[in-house]
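Please load the model in the viewer and keep the selection panel at hand.

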Amino acid sequence: MVLCSVTEVRNIVDPKTLTDSDIEGIISHASNVISLNTGASEDASGNAYLNTACIHMSAAQVLRKMKYKGELAKQIKFGNESQSNDVDLDIRYHEQTAEAQMTRYKYSTSRYSILYGRVGPKTVNGE
């Protein structure tokens, strides 16, 4: 079960050192992790929450791989100008977004009702 496409991941992160087959492997791994964490079945592959979670989890993995391959420099200098990049913040953002989407999926498919109680005057057990 693949939950997103290479094009969707490349829209967020476009590495120069990774091929489409490399990204397909990352997507396959991310899809398996999401499926295990959420208990999603094959028929849930069209779910928007799982699709978004897969895109962000794959983007985090691609960024991590780009970082270790040296494609993302910590600091870039252009003449007198310099730019500092903090890839770890981007990776953390994508991981947190993926987790949030997986949580939304779990709650949207939950078969358990949420307990609700009323409190206050003129209610049940309102002392």
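How many residues lie between strand 1 and strand 2 in the hairpin that they form? Select both strands of this predicted model: two residues separate them, and glycine 79 in the turn adopts a positive phi of about 60°. Strand 1 comprises residues 75–78 and strand 2 residues 81–84; the two run antiparallel and are joined by four bridges. Within this pairing, phenylalanine 78 is placed opposite glutamate 81 of strand 2.

Next, display the whole protein chain as a cartoon. Four helices and two strands make up its secondary structure, and their order along the sequence is α-α-α-β-β-α. Of the 127 residues in the chain, 30% are buried. When contacts between residues at least 6 apart in sequence are considered, 70% of them join residues at least 24 apart.

Show the side chains of Val87, Ile91, His94, Thr97, Ala98, Gln101, Met102 and Tyr105, which are buried in helix 4. These residues lie on the same side of helix 4 because they cover an arc of only 135° around the axis. The buried residues pack against helix 1 (6–12), helix 2 (20–38) and helix 3 (48–69).

Proceed to the largest nonpolar core, which has 28 residues. Ile23, Ile27, Ile34, Leu50 and Val62 are the residues with the most contacts inside this core. Helix 1, helix 2, helix 3 and helix 4 are the elements that each contribute two or more residues to the core; helix 3 gives the most, with 10 residues.

Centre the view on isoleucine 34. Leaving aside residues up to four places away in sequence, isoleucine 34 touches Leu3, Gly39, Leu50, Ala53, Cys54, Met57 and Met102.

Finally, select the cysteines at positions 4 and 54. Is cysteine 54 buried or exposed? Cysteine 54 is buried, with a relative accessible area of 0%, and cysteine 4 is likewise buried, at 8%. The structure holds zero disulfides.

Terms used. Residues numbered from 1 in each chain as written. Predicted model: local features only at pLDDT ≥ 70, side-chain atom pairs only at ≥ 80, totals over all residues. Heavy atoms only, no water. Pairing = 2+ DSSP bridges. Buried < 20%, exposed > 50% of the residue type's maximum accessible area, 1.4 Å probe, protein only. Arc of directions from axis to C-beta. Contact = heavy atoms within 4.5 Å. Disulfide = S-S within 2.5 Å. Core = buried A, V, L, I, M, F, W, Y, C linked by side-chain atoms within 4.5 Å.
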